[in-house]
There are 2 protein chains.
Amino acid sequence: MKLAIYGYGNLGRGVEAAILKNPDMELFGVYTRRDPSAVRSETGAKVYAAKDILRFKDEIDAVVLCGGSATDLPALTPMLAKDFNVIDSFDTHANIPAHFDAVDASAKASGKLALISCGWDPGMFSLNRLYANAILPDGTDYTFWGRGVSQGHSDAIRRIPGVLDARQYTVPIETALEAVRAGKAPKLSAREKHLRECYVVAAPDADKTSIEQAIKTMPNYFADYDTTVTFISAEEMREKHAALPHGGFVIRTGKTGLHDEHTHRIEYSLKLDSNPEFTAGVLVAFARAIGRMAARGETGCRTVFDIAPADLSPLSREEQRRTML
Amino acid sequence: MKLAIYGYGNLGRGVEAAILKNPDMELFGVYTRRDPSAVRSETGAKVYAAKDILRFKDEIDAVVLCGGSATDLPALTPMLAKDFNVIDSFDTHANIPAHFDAVDASAKASGKLALISCGWDPGMFSLNRLYANAILPDGTDYTFWGRGVSQGHSDAIRRIPGVLDARQYTVPIETALEAVRAGKAPKLSAREKHLRECYVVAAPDADKTSIEQAIKTMPNYFADYDTTVTFISAEEMREKHAALPHGGFVIRTGKTGLHDEHTHRIEYSLKLDSNPEFTAGVLVAFARAIGRMAARGETGCRTVFDIAPADLSPLSREEQRRTML
């Protein structure tokens with residue numbers, strides 16, 4: 001199966017590396033909105049101008065979109081679904097229904113197949129929420145994120161005047177995790193679930209007190225959390241905060257029995273050294289499913305909920321039953 | 001959706017309780033091979049003779065088989081698939097391919113839909129093995145069971161002369177779990193992964209030393225494990241070992257990156273107060289999917305790998321995307 005990478009940042013490079021781990025997958029090319037002659041791929045794969053992608057319409061089995069959810073994907077995924085099977089990792093949860101409708105309309109009109117919001121959250125965490133809710137209908141579930149770097153929160157800090165660089169770690173609060181695991185079904189505010197740790201490189205002449213204040217009072221991003229701000233040098237940022245680790249927990253506890261006498265706990269957790277490389281692994285596995293489903297004539301938009309797990313595996317269904325069931 | 005329970009032991013009673021937690025599900029009746037007049041259901045549901053089930057062919061949407069894997073299900077599931085949509089929890093891993101073929105042939109011939117090997121292992125653990133393998137192809141996975149009661153091992157002890165009752169707990173070895181979680185991908189023998197704790201009620205005149213010896217040297221069941229045997233009174237057995245807790249862990253660690261520079265861990269764990277009631281929760285959720293898929297005209301045999309998660313949820317696909325993705 002021939003995949004194209006559209007957008008060549010951290011996620012795009014992750015997909016490039018993930019394709020090498022899947023012998024049935026081939027990287028057809030990297031498509032960039034920068035000048036392609038100025039972009040060199042990590043593996044020597046060909047780099048093309050994004051605007052030229054239609055020329056390769058008949059050679060690409062699926063396009064993996066590696067742009068951002070804020071402005072890129074809402075326009076790009078419906079556009080590319082006019083000519084290609086597409087898969088994206090759109091992760092603005094509140095806007096998923098609108099994005100789904102736009103991509104579905106485009107893919108149905110063109111007879112192509114699309115998958116949106118694929119990664120780990122939305123993605124594997126969503127799947128675990130759905131499975132656990134179906135199995136334990138009388139229960140409560142919780143999603144915790146971290147410890148890991150939130151790109152959105154890091155970007156928000158960088159937009160404050162006087163900030164040269166910033167890294168924000170989302171940290172789940174251990175006592176809250178333990179209360180959830182114990183089946184206590186606690187009511188937890190945002191502040192009770194996560195801490196926010198910020199590392200900031202300030203300009204030499206910046207007022208650190210006002211930067212710290214601006215971070216801690218920023219609505220939506222930080223005001224509702226206990227937030228720590230630590231100023232560090234650009235050198236320390238490079239040395240200690242270059243990686244993009246992440247992870248988290250989906251936990252559901254619930255009751256069964258005629259008198260609710262039994263409690264059960266389902267827990268799914270991820271511990272990731274590299275958020276973009278793991279997300280890329282999920283994207284490539286689901287791209288395999290999209291290729292197979294498109295070959296069976298399916299069209300329109302799908303999410304991870306619509307994909308039979310068997311379609312993700314390179315093994316035949318017989319081998320899956322024999323070795324993994 | 002109207003479900004029938006076929007076989008009314010611990011699992012059958014679990015399904016009866018689980019149906020009450022799912023407002024879109026209805027218990028049509030309990031089918032037993034005992035004298036139905038001697039069996040009273042927990043909820044007042046009607047109890048019928050198993051041999052009469054064909055009379056209700058047009059009223060039952062799916063039959064949930066709650067018999068044993070050793071002798072019941074290999075015969076019953078293919079037989080009932082001639083007239084009903086069926087779902088079982090067949091759990092003899094080595095015989096799954098043969099069981100699948102027998103049920104598939106029967107259900108294809110009758111135009112019915114069947115699901116086999118549904119529960120938590122095989123079942124939810126299998127799904128997690130498959131997802132994790134697809135996402136992290138360069139990795140290693142491990143399944144640990146327990147701490148929990150193994151019915152098969154308890155039964156094996158009960159067959160030893162002089163044993164009146166027995167309960168066997170499978171216990172995962174914490175140091176092995178930690179080595180796996182640390183991404184060390186250790187090679188682990190059976191003995192290094194699990195301990196076996198046995199509680200035995202012996203007949204007054206029994207030779208305890210020879211019972212202990214018979215347990216510890218029993219091939220397949222105990223000889224390859226570190227096994228402890230504790231003799232207790234019938235009263236202590238009733239008081240402390242009446243419950244059927246279980247659970248376990250599926251952990252996969254794997255590498256990504258062009259130079260394998262990043263390690264990731266995916267962990268799924270269950271902690272269950274009641275093994276049969278949790279298994280029943282899984283069966284009822286998948287019965288919902290089988291009902292929907294049968295209504296779409298699907299026939300033949302399926303496993304959990306073939307079921308799109310969306311079909312498990314009582315919510316519409318729109319609601320799933322809005323609330324769980």
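This is a predicted model: local features need pLDDT of at least 70, side-chain atom pairs count only at pLDDT 80 or more; totals for chains, interfaces and linings use all residues.
Now widen the selection to β13(A) and to strand β13 of chain B, residues 262-272. The two run antiparallel and are joined by nine bridges. As background, strands of a sheet pair through backbone hydrogen bonds, in either a parallel or an antiparallel way.

**The rest of the interface**

Next, show everything in chain A that touches chain B. There are 67 residues of chain A in contact with 67 residues of chain B. Together the two chains bury about 5,800 Å², and 65% of that lies on carbon and sulfur atoms. To see where chain A loses the most area to chain B, pick A:Lys21, A:Arg321 and A:Leu325, which together make up 14% of what that side buries.

For the charged pairs, select B:Lys21 and A:Asp138. They form a salt bridge, and their closest N and O atoms are 2.6 Å apart. The count between chain A and chain B is six salt bridges, and 27 residue pairs are in polar contact, both residues being at pLDDT 80 or more.

β13(A) gives the most, with 11 residues. Coloured by class, this side of chain A has 32 nonpolar, 18 polar and 17 charged residues.

**The seven-stranded sheet**

Turn now to a sheet within chain A. This open sheet has seven strands with parallel pairing, in the order β3-β2-β1-β4-β5-β6-β14. Its edge strands are β3 (47-49) and β14 (300-302), each of which pairs on one side only.

Zoom in on β1 (residues 2-6) and β4 (residues 62-65) of chain A: four bridges join these parallel strands. Select A:Ala4 and you will find its bridge partner, A:Val63, in β4(A).

**Two helices on the sheet**

Finish with the helices. Helix α1 (residues 10-20) of chain A packs on the sheet and touches β1, β2 (26-32) and β4; its direction makes about 165 degrees with that of β1(A). Helix α10 (residues 275-295) of chain A packs on the sheet as well, touching β1, β4, β5 (86-87), β6 (113-115) and β14; the direction of α10 makes about 155 degrees with that of β6(A).

Technical notes: Residues are numbered from 1 along each chain as its sequence is written. Chains are lettered from A and ligands numbered from 1 in the order in which they are written. Side-chain values use heavy atoms; hydrogens and water are left out. Two strands pair if DSSP finds at least two bridges between them. Contact means heavy atoms within 4.5 Å. Axes are lines fitted to C-alpha atoms, for helices over the stretch in contact, and angles run from 0 to 180 degrees between N-to-C directions. Buried area is the accessible area (1.4 Å probe) that two parts lose on being put together, summed over both. A salt bridge is a side-chain nitrogen of Lys or Arg within 4 Å of a carboxyl oxygen of Asp or Glu. A polar contact is a pair of N or O atoms within 3.5 Å; within protein, one must be able to donate a hydrogen and the other to accept it, and residues adjacent in sequence count only if both atoms are side-chain atoms. Ala, Val, Leu, Ile, Met, Phe, Trp, Tyr, Cys and Pro count as nonpolar, Asp, Glu, Lys and Arg as charged, and the others, Gly among them, as polar.
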